[in-house]
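We will go stop by stop, and at each one you will be told what to pick and what to look for.

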Protein chains: 2
Amino acid sequence: MEQIDILVSEVGPRDGLQSLQQIMPTAAKCEWISLLAAAGVREVEVGSFVPASVLPQMADTAEVVAHAKTIPGLDVAVLVPNLRGAENAVKAGADKISIPLSVSETHSLKNVRRSHTQMLEEIHSIAELIAAQPAERRPYFEVGLSTAFGCTLEGPVSEELVVRLAVLAIEAGAAEVGLSDTTGYANPAQVRRLVKKVWDAVGRERLNGVHLHNTRGQGLANALAAMDIGITTVDASMGGIGGCPFAPGASGNIVTEDLVFLVEAMGLRTGIDFDGLLRARNYLAGALPGVEIFGFTPEAGLPRGFQNT
Amino acid sequence: MEQIDILVSEVGPRDGLQSLQQIMPTAAKCEWISLLAAAGVREVEVGSFVPASVLPQMADTAEVVAHAKTIPGLDVAVLVPNLRGAENAVKAGADKISIPLSVSETHSLKNVRRSHTQMLEEIHSIAELIAAQPAERRPYFEVGLSTAFGCTLEGPVSEELVVRLAVLAIEAGAAEVGLSDTTGYANPAQVRRLVKKVWDAVGRERLNGVHLHNTRGQGLANALAAMDIGITTVDASMGGIGGCPFAPGASGNIVTEDLVFLVEAMGLRTGIDFDGLLRARNYLAGALPGVEIFGFTPEAGLPRGFQNT
């Protein structure tokens, strides 16, 4: 496959769809994911293994994983909240498992009713589960440090705590940590500072990705800051679906289409074809009637004479 | 006055209002500008000296300049399209005069019906006019290189042409040049490259500012790129009014409120107080019934525990 510089990891089928009232039919999810892959998207977070009673939008995740696994070259990622979810993810054959660990313990207790210690035990159990699998069935295991840039409940969070939890997550058996701006609080200086602090503590190869929100319009500036210093994976959601839309045009998640334009315009390769991305976007819009689909670049169009790398 | 790191130059009263159908009454413009200054905004482009037949929204620019001049510490900037406009600007007592020079000659011919040579002659005449004034009445004279990052008519523009026109504008008597992404085509790599090329040709002190659009959602990322390498003046428009809004939430101009948040969150000083900015925004919204006012940060609110520098 063609070499890429930046992995744009599409989280719309999980982070986007789980926040909508309406439930996208399984066949539509599968078609959307196929169109994303056809556009050149290399990694998609296709769903989340949570109880259907909590998130009925994600009840078909095993089926969606099964479909996504048939697409050559696609890394199939899922979110899990706990060991039970990880067991289902392993059973389904996911290539990558992510579990969120909230740096704000207040947020963690409120959100998943678990302390840091309890979460780290869960992470350790998942790592053991994965290690017990035959090599070809071992998913890559990442811990996403959520509220890493601040918390709506606690306010600023300690950078030293972020670093400490990163170290503990790796010690508990995660292959990698990610930094998540769950609240849209991050600024570019903070992104650079925090990434470097975590690198100093766990090594560069243990932190490759950021998950940024656009709540205050800073998403792409923060992504640029991260990529400038060497971050190579940036999460984004097609049409900016998901997250907490406060304002017209404000999405929780970075808009995939605008991020791909940013990266490609700078001459860095995503492997993603813009026309293909628009086909996936059009399909998504049709499959989610009444849901607002964001994104500046698709509306404005590519610049005259613009060439994908 | 308190030292600042980044000058956020407010262009809403000119660039924003001139693009609206409705005409804001003179008293409302004056009150809005007073509120902007009260929030700590140091420079406002208050209007444009163009024939009222062309832009009736700007017919009262002399009166608005007269009011703005009474505000202590405020730099009062105006746009002029030609020598005639500059004469009026000097008469009105503007502190700063900007004239756009389009790098795309196709755009220049279509927009102001003048070739590069004709525009450079106009710039030379304006410089002579300014030099002939008594020292205390000489406005600062800037040439804004528009379509510097690409043109909707020509497509990509030559960076060597941008540099050549910058040199010629300085030789013709401009104190400074600025780079304008009129079309929203710019990307951060290009911003850094082009600023450095112009610096190499005319000296750093001759290029301090950029005027960026958010048409493809890249405005703040481009502003960050510019500030990272040492650009100290960034234009923005309150509520993102003006420019070419293609998409919901898409403004032509960078939103002042989001830019101020970006800069202050990084620990750089704008001298601008966010509460004061919101008062000016609320006034603006009330004075422009039916006009969509953009901005992510005002809708989402400042992060919990956030402190202005």
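Start with chain A and colour its strands: eight of them form a closed barrel in the order β1-β2-β3-β4-β5-β6-β7-β8, with parallel pairing. From one strand to the next, the twist averages 30°. Strands here are DSSP runs of E with at least two residues, helices are runs of H or I with at least four, and both are numbered from the N terminus; two strands count as paired if DSSP finds at least two bridges between them.

A word before you go on: this is a predicted model, in which local features need pLDDT of at least 70 and side-chain atom pairs count only at pLDDT 80 or more, while totals for chains, interfaces and linings use all residues. Residues are numbered from 1 along each chain as its sequence is written, chains are lettered from A and ligands numbered from 1 in the order in which they are written, and side-chain values use heavy atoms, with hydrogens and water left out.

Next, select residues 140-146 and 176-180 of chain A. These are strands β5 and β6, which run parallel and are joined by four bridges. Zoom in on A:Leu145 and you will find A:Leu179 of β6(A) opposite.

Stay with β5 and show the side chains of A:Lys96 and A:Glu142. They form a salt bridge, with the closest N and O atoms 3.3 Å apart (a side-chain nitrogen of Lys or Arg within 4 Å of a carboxyl oxygen of Asp or Glu). This pair links distant parts of the chain, since A:Lys96 sits in strand β4 (residues 96-102) and A:Glu142 in strand β5, 46 residues apart. Over all chains, the structure holds 30 salt bridges.

Now pick helices α6 (residues 116-131) and α7 (residues 159-171) of chain A. How do they pack? Their axes lie 10 Å apart at an angle of about 30°, the axes being lines fitted to C-alpha atoms over the stretch in contact, and angles running from 0 to 180 degrees between N-to-C directions. The two helices are therefore roughly parallel to each other, the word for angles under 35 degrees. Show A:His116, A:Leu120 and A:Ile123 of α6(A), which meet A:Leu161, A:Leu165, A:Leu168 and A:Ala169 of α7(A); contact means heavy atoms within 4.5 Å.

Finally, bring both chains into view. The contact takes 43 residues from chain B and 43 residues from chain A. Together they bury about 3200 Å², 64% of it on carbon and sulfur atoms; buried area is the accessible area (1.4 Å probe) lost on being put together, summed over both parts. For a last stop, look at A:Asp228 and B:Arg192, whose side chains meet in a salt bridge (2.6 Å, N to O).

Definitions and conventions
Parallel < 35°, antiparallel > 145°, perpendicular 65-115°, else oblique. Buried area = accessible area lost by both parts, 1.4 Å probe.
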